[in-house]
Amino acid sequence: MKYIYLDCLFDRHFFVSVGEDEENQFETLFALANLFNIRITSGEKLVRKYMIKYAASCLGENVPEPFYKGFPESVRKLTPEKLLFDQLVHYSITYGFGDFSEAGHSLFEENFERTAFKENADIKDFKIITEAEAVSMLAEIVNNLLAGSRPLSESQYNLVREYIADYDFLPEDIASKNTAVKLLMDTRDVRFADYLSMSDVIKLVDEINFAVYENQNIKKLNLKNQDRKFITNIINRIFDSGRVDIRNCFEKKKLWSGLLHHLHYRAKNDLAVYFVNAMRGNGNQSVYAEFEKAMTEKNIKSAVDSLKSGKGSAAVLRNLNYIISRCETTADLEYVLDSIATQNVIVMLQLLIQYSQYKKGSKPRTFKFTKYNMMKVHSETIAEQKKRRSYISEGQANMLAERIRENLKKVLKDRLGKVYIDPDMANYALPLQETTSQGGFGVLPKGSRLKLPETKKLRAFTYWEKVNDIDLSVFGIEDSGRRTEFSWRTMAGNQSDAITYSGDETSGYNGGSEYFDLDMDKIRKLYPEMHYMIFFDNVFSRLPFSECYCKAGYMMRDILDSGAVYEPKTVKSAFMINAESTFAYLFGIDLKTNEFIWLNLAMNSNNAVAGSADMKFVTDYFGLTDIINVYTFFEMMASEVVTDISDAEIIVTDKNVEALDGQQLIREYDVEKIMAYMNA
């Protein structure tokens, strides 16, 4: 079985029994427990020896030593002058003389011996299943992912693509146009065009233009003949099927005209002739053209009706700011509010978050959007602020949020039967914005909050190969906006018992690593005004993460100086960073509530230094679970929330429980199951 399938199931706490029967079952089970604190709760007789090495690869295998091998004890014993001198010598060797042949280490560290690791680390409960059970489970996961209308993350998409290829699986439906387009582009199987309409062809051309030709400007096409023929075949197939949503195509009329010219397209039936003439003609019959005409004439009712009839209630929701800002009468406002009802749960969830976080004022707005599976962030310029006309008040935003929440409750009401929901599920965010996520063990939806144990210390890590210099950095954020940088540039003078840095490794091509140790109690005392801490990874060598090997994550420790620097037993999460970017947001900490907050954002960025990154928008994720979370979502759907697990038809929990026959169990990491309910 391929590693991509094993990885997917490992992230959900399953091993797959592959290979011959294991004779030394007890020894293998003991090794899993002793090395990784993995406890097998079912399928013990299916254990295989390969699982030891496989668990090591997922949780950390042969992780290289950091610059200070004795981290953190040796770091605390060195003066700021020695710390600075150490790094300057290392920089002169690597960046001065260009010698990156060996990983750099301290000149001042004394010989030391680590004490044996004797901490009580958290137990990781796993089950072992057969290959047949694994294939069945993967089919359910893939179907749930394809039922989601949101774009998939890179790891989710790769799983879907491989499963379709290996098992000759043709889905009944693919809800996300983004997913269908990528499958069509990657497989060149024209059957995937049957999940698309004509307007989606522009998306396909854009993806091919970027992925194959590294060109982000669709207005300047230079496609090779094989791609022209492929796109022409797709267009003809859609014409033959009749899925020609011409009004939507008018929205990108100029792009269509340019594409048809570039393809030297020749219409083969009457519908194609009509379409080509329409795209090359002067008229514009798009829904948005009709909508804008009505808005210009200040005919709000007509504008709303044109959107609703042409593109559905969700389009009205997406344009609420614009429409409401133009309402001049109470009657117009009431008509808009009465028109926002929709069955589209995803759109309602997105707008509920948007309006719940809305703050009117002079501050520039920040826009987040996804392009080529990476996040782009644009902060409004002063000139754009002055031109902005779509203002709504905070009162209006609050009213809209309440209306949307009430409609969401009506749409979701009684979708499920009796549901048991663990109160701790209120800490987990819904998977609404996972397109840019990196995959791996312990990864949760953006904005999820995990309570940090009071007595534990957090060790953040990153390690890599095939590139010289990756930097792990932390920024402290105060409510006033003031930032404190903890990075290779500042730590020589900032090392303390509160926060300790392992040193800047700049010659890690054959293996490099960096760490931060945080004692939250001591940080709060040393930096009383600090509210959040945000962790970043950036490739100083300016090579995209996709062209090297890089993992990041965190451990929870009792005694920072005990055992090895990297102890797999204590790993809470280890995930691969493989974006076409040099910069990634990892996670955050809320010092006021002592909570870990998931970010896991792949940025469309060439930043090589963390300090130049935009951080304003990041705090938007910190309040997501206060607006909507897994608990409140399933509470809305339940016909009854029960307190006894045995009475439940569906169990939603982050605890290790066994479901009875007829019960469905949903864990915090079952993202695809939650996505399926969001798209039901």
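**A friendly note on this predicted model**

1. Helices (H or I, at least four residues) and strands (E, at least two) are DSSP runs, numbered from the N terminus.

2. Before going on, a word on the model. It is predicted, so local features need pLDDT of at least 70 and side-chain atom pairs count only at pLDDT 80 or more, while totals for chains, interfaces and linings use all residues. Residues are numbered from 1 along each chain as its sequence is written, and side-chain values use heavy atoms, with hydrogens and water left out.

3. Which residues of helix 2 are buried? They are T28, A31, L32 and F36. Buried means under 20% relative accessible area, exposed means over 50%, and partly exposed lies in between (1.4 Å probe, protein chains only). Seen down the axis of helix 2, the buried residues fall within an arc of 100 degrees, so they line one face of the helix. The arc is taken from the directions that run from the helix axis to the C-beta atoms. As background, an α-helix has 3.6 residues a turn, so residues three or four places apart point the same way.

4. What does that buried face pack against? The buried residues of helix 2 pack against strand 1 (14-16), strand 2 (38-42), helix 3 (50-59) and strand 3 (124-129). Contact means heavy atoms within 4.5 Å. After helix 2 comes N37, whose phi is positive, near 60 degrees.

5. Next, an open sheet of 6 strands, in the order 7-16-15-9-13-12 with antiparallel pairing. Strand 7 (440-441) and strand 12 (499-501) stand at the edges with a single partner strand each, so one side of each has no neighbour in the sheet. Two strands pair if DSSP finds at least two bridges between them. Strand 12 is joined to strand 13 (residues 512-518) by 3 bridges, running antiparallel, and T500 stands opposite D517 in strand 13.

6. Strand 9 (residues 457-465) belongs to this sheet order, and 8 of its 9 residues are buried. Strand 9 pairs with strand 15 (residues 549-557) in the antiparallel sense over 9 bridges, where K457 stands opposite R557. Another 7 bridges join strand 9 to strand 13, again antiparallel.

7. Another open sheet of 6 strands has the order 8-18-17-14-10-11, with antiparallel pairing. Its edge strands are strand 8 (449-451) and strand 11 (483-486), each pairing on one side only. Neighbouring strands of this sheet are turned by 20 degrees against each other on average, direction ignored. Axes are lines fitted to C-alpha atoms, for helices over the stretch in contact, and angles run from 0 to 180 degrees between N-to-C directions. Strand 10 (residues 470-478) and strand 14 (residues 530-539) run antiparallel, joined by 9 bridges; one of the facing pairs is S473 and F536.

8. How many residues does the largest nonpolar core have? The answer is 118, and those with the most contacts inside it are L458, F516, M533, F535, Y585, F633 and F634. Helix 19 (residues 345-356) gives the most to this core, with 9 residues. A nonpolar core is a set of buried Ala, Val, Leu, Ile, Met, Phe, Trp, Tyr and Cys residues joined through side-chain atoms within 4.5 Å. Leaving aside neighbours within four places in sequence, F633 is in contact with V345, L349, L412, L430, I628, Y677 and M678. A second, separate core has 91 residues, including V142, I164, L221 and L260.

9. Is K446 buried or exposed? K446 is found in the loop between strand 7 and strand 8, and is buried, with a relative accessible area of 2%. Not counting residues up to four places away in sequence, K446 touches several residues, among them E434, W598 and Y621.

10. Finally, some backbone details. Most residues other than glycine have a negative phi, and most peptide bonds are trans. D414 has a positive phi of about 60 degrees and is partly exposed, at 45% relative accessible area. N594 also has a positive phi of about 60 degrees, but N594 is buried, at 5%. A cis peptide bond joins F71 and P72, with omega about 0 degrees.
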